[in-house]
Amino acid sequence: MTVRVQQQDFDVGAELAGLRGANPRIGAIASFVGLARDLNEGRDVLGLTLEHYPGMTERALGEIVEQARRRWDLIDCLIVHRVGHIAPLEQIVLVAVASMHRHDAFDACRFLIDYLKTDAPFWKKESTRDGSHWVEARASDDQARAAWHGAGPRK
Amino acid sequence: MKLCVLYFARLRDLIGRSAEELEIPADVATVGQLRAWLTQRGAPWSSAFEQVRSVRAAVDQAMATDATALRDGAEVAFFPPVTGG
């Protein structure tokens, strides 16, 4: 289980190959890549600055991974989240899950990004032609997290 | 009781500092009471806590509620709802 917070971009192919390693038990890997849009709520976005709470971020992500492991049969997980300046169309976050079978990998991957969105201490500031502003949290992200309460399958 | 209080993102911008060491009175025992005590200090804390909707808190790097108890030497953080991913 690996959680990384870093400024530099990541190579999805290399990250997935690293997650897979030479483990013959892995039958499925599901991954999610979050990208910086060049348009948000009708405004042209010139770039993003991502801030986080060092220390708490790693703890929060580790706790989210532990929750996923209690729910599904997972062999390994990887979360890479960038901070600092991110240009439009660049990658922001990678979540990847390895398991024996696809359903565990798909469901756990979605669970991890849904929980990351509401529980991990990252904040985005958007630069537009009119200046920069902090991005507001979305109610739909809270709803996506809440939908997991009582949702199966569990181990 | 001594606390290290941290502010992040828009709350930090409005308060104008990212951290402060505080000596708080004995009757401030929970996160909710600390928030009220900071607010009654006046600007910039009062206006910052008013302008940022649904300020969240963490104690010793774990998410907290208004009822979470404080301890001497704790690290308490206040921040807006998170927007990563």
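## Terms and model

Two residues are in contact if their C-beta atoms, placed from the backbone, lie within 7 Å. This is a predicted model, in which local features need pLDDT of at least 70, side-chain atom pairs count only at pLDDT 80 or more, and totals for chains, interfaces and linings use all residues. Residues are numbered from 1 along each chain as its sequence is written, while chains are lettered from A and ligands numbered from 1 in the order in which they are written.

## Helix H2 of chain A

H2(A) has 16 residues and spans 23 Å from its first C-alpha to its last, close to the expected 22 Å (1.5 Å times one less than the number of residues).

Buried residues (20 or more other C-beta atoms within 10 Å of their own) in H2(A) include A:Met56, A:Leu61 and A:Ile64. The buried residues of H2(A) pack against strands S1, S5, S6 and S9 and helix H3 of chain A, together with strand S3 of chain B.

H2 (residues 56-71) and H3 (residues 102-119) of chain A pack at about 150 degrees, with axes 10 Å apart (axes are lines fitted to C-alpha atoms over the stretch in contact, and angles run from 0 to 180 degrees between N-to-C directions). Among the residues that meet are A:Ala60 and A:Arg71 in H2(A), and A:Phe111 and A:Asp119 in H3(A).

## Where the chains touch

The contact between the chains takes 21 residues from chain A and 13 from chain B. On the chain B side, helix H1 (9-15) and strand S5 (75-79) each give two or more residues.

Technical notes. Helix = DSSP H or I, 4+ residues; strand = E, 2+ residues; numbered from the N terminus. Buried ≥ 20, exposed ≤ 12 C-beta atoms within 10 Å, placed from the backbone.
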